[in-house]
Amino acid sequence: MSTTIDDKLKLFHKAIFDKLEEKRAQELEKFNKEKEEAINKKKAQLEKDKSAYIRDITKKAEVKANELISSQEVIMYREVLKLKSSLIEETEKAIKERLISFTEAKEYREFFMKNVAKVLPELKADDYILMARKKDIANLQADISALADAYKDITLSFGGEPTDIIGGFIIENRASKFKYDCTLLNMLKESREEIGILVTEALR
């Protein structure tokens with residue numbers, strides 16, 4: 001069977017077509033592969049950007065939350081200090097009222113004389129003035145003088161009533177270089193730190 005020119009052309013066309021089809025298939029496969037790689041790369045970048053965005057948002061949220069917490073802590077701290085100061089003031093006021101009441105109790109006389117007897121031996125030879133409430137000097141002057149007479153190297157006289165005194169006494173020498181403060185208010189003042197500690201413990 002002889003091959004005609006038409007047959008040869010058909011075979012040639014088929015060969016060309018098959019070659020083109022093969023190349024098209026290869027190019028299509030290459031394109032799909034590159035497209036898939038590009039999509040996967042874009043997805044990975046998006047995931048990366050998403051993670052970075054989430055980290056950034058989370059970090060900003062944490063910073064904001066910490067700022068709010070710090071702000072609230074400062075407010076709470078100030079409120080606690082304010083409350084503490086108020087409680088200390090109220091406590092001191094209540095103690096002061098009790099001390100004033102104490103001066104009317106029978107134990108007050110014993111307290112007063114006990115402290116006078118305690119300070120007299122500590123005095124060096126000199127002239128001293130004892131200052132107290134007028135009421136206390138009027139009631140206790142004789143007893144105080146009797147105690148002072150036992151110390152021949154000191155002279156004790158009685159002065160006026162100190163400002164704001166509620167009880168107790170002050171002894172100082174005439175040169176005002178020595179002062180023994182045994183007033184009730186001074187005792188309250190010396191107890192202020194202890195009161196502050198007690199109030200702080202109560203607020204915990």
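Tutor: Start with a definition: a salt bridge is a side-chain nitrogen of Lys or Arg within 4 Å of a carboxyl oxygen of Asp or Glu. The model is predicted. A search of the whole structure finds 4 salt bridges.

Student: What makes K135 and E104 a salt bridge?

Tutor: The cut-off is 4 Å between nitrogen and oxygen. The side chains of K135 and E104 meet at 3.0 Å, N to O. The pair therefore counts as a salt bridge. K135 lies in helix α3 and E104 in the loop between α1 and α2, so the pair ties together parts that are 31 residues apart in sequence.

Student: Why is K135 called partly exposed, and why is E104 called exposed?

Tutor: Exposed means over 50% relative accessible area, and buried means under 20%. K135 has 41%, so K135 falls in between and is partly exposed. E104 has 52%, so E104 is exposed.

Student: How do you know that D143 and R109 form a salt bridge?

Tutor: Their closest N and O atoms are 2.2 Å apart. The limit is 4 Å, so the pair qualifies. D143 is in helix α3 and R109 in helix α2, 34 residues apart. D143 is partly exposed because its relative accessible area is 31%. R109 is partly exposed too, because its value is 40%.

Student: Which salt bridge does R133 form, and is R133 buried or exposed?

Tutor: R133 pairs with D136, with the closest N and O atoms 2.9 Å apart. R133 has 12% relative accessibility, which is under 20%, so R133 is buried. D136 has 4%, so D136 is buried as well.

Student: How is the whole chain arranged?

Tutor: There are 5 helices and 4 strands. From the N terminus, the order is α-α-β-α-β-β-β-α-α. Of the 204 residues in the protein chain, 22% are buried. The accessible surface is about 15900 Å², with 56% of it belonging to carbon and sulfur atoms. Take contacts with a separation of 6 or more: residues 24 or more positions apart account for 77% of them.

Student: What makes helix α3 kinked?

Tutor: The bend at a residue is the angle between axes fitted to the seven residues ending there and the seven starting there. In helix α3, residues 134–148, that kink is about 65° and is centred on L140. L140 is among the buried residues of α3, along with D136, I137, I144 and A148. What covers these buried residues includes α2, β1, β2 and β3.

Student: Which residues touch the most other members of the largest nonpolar core?

Tutor: They are F112, L130, I144, F169 and I171, in a core of 28 residues. Helix α2, residues 106–119, gives the most to this core, with 6 residues.

Student: Why is V116 called buried?

Tutor: V116 has a relative accessible area of 0%, and the limit is under 20%, so V116 is buried. V116 lies in helix α2. Leaving aside sequence neighbours within four places, V116 is in contact with L130, I144, L147 and F169.

Student: What about G168: buried or exposed?

Tutor: G168 is at 0% relative accessibility, so G168 counts as buried. G168 sits in strand β3, residues 168–173. Residues that G168 touches include Y108, F112, A132 and D136.

Student: Why is E92 called buried?

Tutor: E92 has 14% relative accessibility, which is under 20%, so the label is buried. E92 is in helix α1. Beyond its neighbours within four places, E92 is in contact with L188, R192 and I195.

Student: Why is D164 called exposed?

Tutor: D164 has a relative accessible area of 62%, which is over 50%, so D164 is exposed. D164 lies in the loop between β2 and β3. Its phi is near 65°, a positive value in a residue other than glycine.

Student: Which residues form the nonpolar patch on the surface?

Tutor: Y53, I54 and I57 form the patch, with about 300 Å² of accessible area together. A patch residue needs over 30% relative accessible area. I54 has 42%, so I54 passes that cut-off and counts as partly exposed. I54 is found in helix α1, residues 5–102.

Definitions and conventions. Residues numbered from 1 in each chain as written. Predicted model: local features only at pLDDT ≥ 70, side-chain atom pairs only at ≥ 80, totals over all residues. Heavy atoms only, no water. Helix = DSSP H or I, 4+ residues; strand = E, 2+ residues; numbered from the N terminus. Buried < 20%, exposed > 50% of the residue type's maximum accessible area, 1.4 Å probe, protein only. Contact = heavy atoms within 4.5 Å. Patch = residues over 30% accessible without salt bridge, like charges linked within 9 Å, V, L, I, M, F, W, Y side chains within 5 Å. Areas by Shrake-Rupley, 256 points an atom, 1.4 Å probe, with all protein chains shown as cover. Core = buried A, V, L, I, M, F, W, Y, C linked by side-chain atoms within 4.5 Å.
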